[in-house]
Structure formats: C-alpha cells, structure tokens
Amino acid sequence: MKKETDIRITIYQEGEKIMPDTSKYNQILDALQTLMVSKNMRNITVSEIAQTAGIGKGSIYYYFSSKEAILEALIERNYKLPLETAKDLATRTDIPPFTRMAMIFQACRNSSIEYQNQDTEPISISAKEQAYLHHKYLNYLICELKPELTAIIEQGIATGEIHFDYPAALAEIVLIVLTVKMGNSLLPSTQENIEETMRALISLLERGTENPEGSLNFLLAL
C-alpha cells in the first residue's frame, strides 16, 4: 500500500505527462514547518498552510491528500540524508556490521539535532502534542531503517560476526530502544539514565550475538 505522501496527481496535456512543481511541493513543507514554530500541529489548518505558502488551498490537494500527509512528507524530507546513508551502508560489506549500524544512528542523530537547533524556537507544546509528533517521527524512522538494519545483521550472520536467529527482530529491538532514548521525549531521562540504558542494550547485544564484552562500547558515542 502506498503512503499518502506517495499519492500525486499527474496531468496529461496533449499526450505529454506534466510532473508536479517541486518548488511548490517544498513551499508547502516549508509553510508547515514555519507554522509549527508558533502553533500546535493539531490547530494548524490546510488553509493556513496554503496562505503561508502563498498558494491557493486547492493547490495543496494537488500534492497532498491531507494535512497528515504533509507532516509525513516533512518528516521524510528532514531525514532524507541519514536514510540515504543507511541504504548506502547496507551494501558496504567491507565495514563491520555494528560499525555500520552506529554510523547510521549517528547520521540520524545529527539530522535530529540540526532540525532542533533551527534559528527559531518552537512554542512550549503539550505532552499530548509532543507525544503525537514524536510517534510520527519514531514510526517513520523504524519503518524506513528496519529493512536496512536487517540486511546488515543478515550479512553479519553470514560472515560469522553475529550469531542470532532472528535478524529482523533484532533490528526492530535496537531501533525501538535507540530512537526512544535519542528522542528523549516519550520517556524523558537524565543523561545518566540514558547512558545506563545504552550500556544495558550493549550488554544484551554482546551476549545475544556472542560478541566479546566491551566490543560494542563504541555505540556509547551515539
């Protein structure tokens, strides 16, 4: 099933296919991002997005089927680079599997920090709104990164570097724990608690994959 953000209208004029205007597409995403600085996502309307983007409301539906689809596309754009990194690293069998996993998460973390450190400061949003936005972010990262991490783990199993019978399950567990702790909004924690969680995860990974104790400590740098 296609995601809402994949649904686009294609116009044919005299037998020629006309693709949507990517500049307007990005204008819409920029408009939503601007509005989210001063308003809660749930209170933003499609009309406001169109007005901020400087286009007609009807034009919004040429690119997106709903406000939710715009948000999903915005998340997708913000994490485009780390996901491209993940796809590239999935094929780099010359790099140890856990090193590649660490590089992928560092790329995601850098994108997250860059987005949070924009010039303008967002308003203080409610816990409900924060959880809603964080869920969207987590769901996107987990769904997009799981196939790449699974492939990396499978390669590690094939070369004898990882000993585990369920590569997809291992990828999902690592993704859930790391994205929750890196986001630090669903379960706010002190730096000490985050490091403790990371050490516990590393210990479980080392034992479960039969790696020597301390061999995965480089993941603490995330």
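These questions and answers walk through a predicted model.

Residues are numbered from 1 along each chain as its sequence is written, and side-chain values use heavy atoms, without hydrogens or water. Local features need pLDDT of at least 70, side-chain atom pairs count only at pLDDT 80 or more, and totals for chains, interfaces and linings use all residues.

Me: What pattern of helices and strands does the protein chain follow along the sequence?
Reply: The protein chain has 9 helices and 2 strands. Helices (H or I, at least four residues) and strands (E, at least two) are DSSP runs, numbered from the N terminus. Read along the sequence, the pattern is β-β-α-α-α-α-α-α-α-α-α.

Me: What percentage of the residues in the protein chain is buried?
Reply: Buried means under 20% relative accessible area, exposed over 50%, and partly exposed in between (1.4 Å probe, protein chains only). The protein chain has 222 residues, and the buried share is 38%.

Me: Why do the buried residues of α5 lie on the same side?
Reply: Helix α5 (residues 80-89) has Pro82, Leu83, Ala86 and Leu89 as its buried residues. The arc is taken from the directions from the helix axis to the C-beta atoms. These residues share a side of α5 because they cover an arc of only 125°. An α-helix has 3.6 residues a turn, so residues three or four places apart point the same way.

Me: Which residues does Glu148 contact, leaving aside its neighbours within four places in sequence?
Reply: Glu148 is in helix α7. Its relative accessible area is 14%, so Glu148 is buried. Contact means heavy atoms within 4.5 Å. Apart from those sequence neighbours, Glu148 touches Ala86, Lys87 and Ala90.

Me: Are the rings of Tyr62 and Tyr63 stacked or edge-to-face?
Reply: Rings of Phe, Tyr and Trp (its six-membered ring) pair if their centres lie within 6.5 Å; planes under 30 degrees apart count as stacked, over 60 as edge-to-face and the rest as tilted. Tyr62 is buried at 18% relative accessible area, and Tyr63 is buried at 4%. Their ring centres are 4.7 Å apart and their planes meet at 80°, so the pair is edge-to-face.

Me: Which residues do ring pairs link into a cluster?
Reply: The count is 4 aromatic pairs. Ring pairs join these residues into a cluster: Tyr25, Tyr62, Tyr63 and Phe64.

Me: Which helix supplies the largest share of the lining of the largest cavity?
Reply: On a 1 Å grid over the protein atoms alone, a cavity is a set of points where a 1.4 Å probe fits but cannot get out; lining residues have an atom within 4 Å of a point. The lining is Phe98, Met101, Phe105, Val174, Leu178, Leu201, Leu205 and Leu219. At least two residues each come from α6 (97-116), α8 (167-183) and α9 (191-208). The largest share, 3 residues, comes from α6.

Me: Is Glu210 buried or exposed?
Reply: Glu210 lies in the segment after α9. Its phi is near 60°, a positive value in a residue other than glycine. At 58% relative accessibility, Glu210 is exposed.

Key. On a 1 Å grid over the protein atoms alone, a cavity is a set of points where a 1.4 Å probe fits but cannot get out, and a pocket is an open set with protein on both sides within 12 Å along at least five of seven lines; lining residues have an atom within 4 Å of a point.
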